[in-house]
Amino acid sequence: MIRLWKNNLKFLKFIIGFILLLNTSLTAAGNSENYNNQSEIDRNRLLIAGSSMAAGYTTTFILLDYAWYRNYPRSSFHFHNDNADWLQMDKMGHVTSTYYLSGLSYKVFKWTGMSNRQANLWGSISSWVAISTIEVFDGFSAEWGASYGDIIANTIGALTFAGQQATWKEQRIKFKYSSHR
C-alpha cells in the first residue's frame, strides 16, 4: 500500500511539473490575444502546438496507466453508474478539469494564430477528448467502469468554457476549489 502511494505521489508531482512547464512556456511565448492580428494560422506554431499536445497527451496516459491502472485487474469494456459515489466530488473534478484544460488548450491554439472561434472550438474539443480518455481506462478496469455521469460532467466543463468564450470572449464565471474540516 505504501509503495502504491509513493508511485502515485511521484506521478502527481510529474503531472504538476509538466503543467507548470507548459504554462511557463505559453507565458514566455507571449500574449496570445495580441498575436492574432494576422489573418492566417502560423503553420510552424501549429506544428509545435500539435506535437507538444500529442506528446503530453500520450505521456500523461502512459504514466497514468503505469501509476494507477496497472495495479488493478482488467476486464472487457463496460459501463458502471457511479453517480451516487464520492459525494459528487468526482463529477466536479471532471467539470473543473475539462474547463481549465479547455482554457489552456484555447491559449495554445490562439498562439498558433487561430481566430477566437477556431481556438475555442479546438480547445474545447481537445480537452473533452483528453479528459474523457479516463473513461476508456475506467471502462477496461474490473474495479470501475466507464461512467455516463463523468462523460456528461466533461461535456459541462467544456461547454462552460466554450459558451463564455463564444458569448463574451472572456471567462466571467470560473470554478474554484476549497475545503474545510
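**View 1. Phe140 is partly exposed, because its relative accessibility is 39%.** Buried means under 20% relative accessible area, exposed over 50%, and partly exposed in between (1.4 Å probe, protein chains only). Phe140 sits in the loop between α5 (116–139) and α6. Helices are DSSP runs (H or I, at least four residues), numbered from the N terminus. This is a predicted model, where local features need pLDDT of at least 70, side-chain atom pairs count only at pLDDT 80 or more, and totals for chains, interfaces and linings use all residues. Residues are numbered from 1 along each chain as its sequence is written, and side-chain values use heavy atoms, with hydrogens and water left out.

View 2. Helix α6 (residues 148–168) gives the largest share of the patch, 3 residues.

**View 3. Trp86 has a positive phi, near 65°, and is not glycine.** Most residues other than glycine have a negative phi. Trp86 is in the loop between α3 (43–67) and α4 (89–111). Trp86 counts as exposed because its relative accessibility is 59%.

**View 4. Leu87 also has a positive phi, about 55°, without being a glycine.** Leu87 lies in the loop between α3 and α4. At 79% relative accessibility, Leu87 counts as exposed.

Conventions: Helices (H or I, at least four residues) and strands (E, at least two) are DSSP runs, numbered from the N terminus.
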